[in-house]
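Subject: Handover of a structure and notes on its contents

Dear colleague,

Please find below the structure that I am handing over to you. A summary of the findings follows it.

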Amino acid sequence: MYYQKVALKEEDLILEEAIMRIYLEMPYYGYRRISEELRRQGYHANRKRIRRIMHDLGIQAIYPKPNLSIANQRHKKYPYLLRGLPIDHVNQVWASDITYIRLRRGVVYLVAIIDVFSRKVLSHKLSNTLDRSFCIESLNEALWKYGKPEIFNTDQGSQFTSLEFTQVLLKNNVKISMNGKGRATDNAFMERTFRSLKYEEVYLNEYENMVECRRAIDSYFKFFNENRVHQSLKYKTPNEIYFEKEVIERAG
């Protein structure tokens, strides 16, 4: 009851300042990489000490969790409807997923919706949080611009199983399909789209902030839809397939 907090040693104060400088520059660095960076700068402190100081400062690495779409057990889960289904026309199946984009300081989250047959990106939104609102906003934009699909496929993340999200689909008489638990390959269409985005744009650049990131992704998806030919589409663009088939279907 008579304990008095011991003042920090001058050496610890110097380390605190150095750690904070590194952390503010690279907030995705954990104690291991900060320890290595300090060593490169000429400081002498073991990892245990760095971890203790970071704990005292209340800081930790900012990083995306292993699973961006965490299930909510209270939400209704829908069966997977695409197994063995031939996908042969536009607006038959739309798919959606969430990924993260690293900024110079921190991360943001990207949701995108594609037409599976044509690979066309119908809408996308960025957010600095993983709430459901940016997913619903992207869905409403896609429905407003392109009509509605017969089936909408997602994973079982809480953003997509929420009542607010599923009600938008049900009110439009869209069948809901959800990947089997732990089966990432069920939504391989989105995985390929995000892989193209990251290897052809994100990994080649560094974004200072969310505005810069949004501008770059908007530009990439415009290129992706209008100019990027796909081997699986017999070297046509998503827009060529989407609008060509749409015209044929309406004429028929």
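E36 and R39 are three residues apart in helix 2 (residues 31-40), and are therefore separated by about one helical turn. Their side chains meet in a salt bridge, with 2.5 Å from N to O. The term salt bridge denotes a side-chain nitrogen of Lys or Arg within 4 Å of a carboxyl oxygen of Asp or Glu. E36 is partly exposed at a relative accessible area of 30%, whereas R39 is exposed at 51%. Here buried means under 20% relative accessible area, exposed means over 50%, and partly exposed lies in between (1.4 Å probe, protein chains only).

As to provenance, this is a predicted model, in which local features need pLDDT of at least 70 and side-chain atom pairs count only at pLDDT 80 or more, while totals for chains, interfaces and linings use all residues. Residues are numbered from 1 along each chain as its sequence is written, and side-chain values use heavy atoms, with hydrogens and water left out.

Overall composition

The chain has nine helices and five strands. Both kinds of element are DSSP runs numbered from the N terminus: helices are H or I with at least four residues, strands are E with at least two. From the N terminus on, their order is α-α-α-β-β-β-α-β-α-α-β-α-α-α. Of the 252 residues in the chain, 47% are buried.

The five strands form an open sheet in the order 3-2-1-4-5, with mixed pairing. Strand 3 (121-127) and strand 5 (175-178) stand at its edges, each with a single partner strand, so one side of each has no neighbour in the sheet. The twist from one strand to the next averages 20°. Two strands are taken to pair if DSSP finds at least two bridges between them.

Strand 2 (residues 107-115) and strand 3 run antiparallel and are joined by six bridges; V111 has K125 in strand 3 as its bridge partner. Helix 6 (residues 163-171) packs on the sheet, where it touches strand 4 (151-154) and strand 5, its direction making about 140° with that of strand 5. Helix 8 (residues 210-226) also packs on the sheet; it touches strand 1 (93-102), strand 2 and strand 3, and its direction makes about 170° with that of strand 3. For these angles, axes are lines fitted to C-alpha atoms, for helices over the stretch in contact, and values run from 0 to 180 degrees between N-to-C directions.

Strand 4 pairs with strand 1 in the parallel sense over three bridges, and W94 stands opposite F152. Four bridges join strand 4 to strand 5, again in parallel, with N153 opposite S177. Strand 4 is covered on both faces: I151 and N153 on one side, and F152 and T154 on the other, are all buried.

Nonpolar cores

A nonpolar core is a set of buried Ala, Val, Leu, Ile, Met, Phe, Trp, Tyr and Cys residues joined through side-chain atoms within 4.5 Å. The largest has 28 residues, of which W94, L139, F152 and F165 touch the most other members. Helix 4 gives the most to this core, with seven residues. Apart from it lies another core of 26 residues, among them L103, Y207, I217 and Y220.

Further salt bridges

The structure holds ten salt bridges. One of them joins R104 to E208, with the closest N and O atoms 3.5 Å apart. This pair links distant parts of the chain, 104 residues apart: R104 is in the loop between strand 1 and strand 2, and E208 in the loop between helix 7 (188-200) and helix 8.

K125 and E137 form another, with the closest N and O atoms 3.7 Å apart. K125 lies in strand 3 and E137 in helix 4 (residues 133-146), so the pair ties together parts twelve residues apart in sequence. K125 is buried at 17% relative accessible area, while E137 is partly exposed at 46%. Through shared partners, salt bridges join K125, E137, E141 and K145 into one network.

Yours sincerely

Note on methods: Contact means heavy atoms within 4.5 Å.
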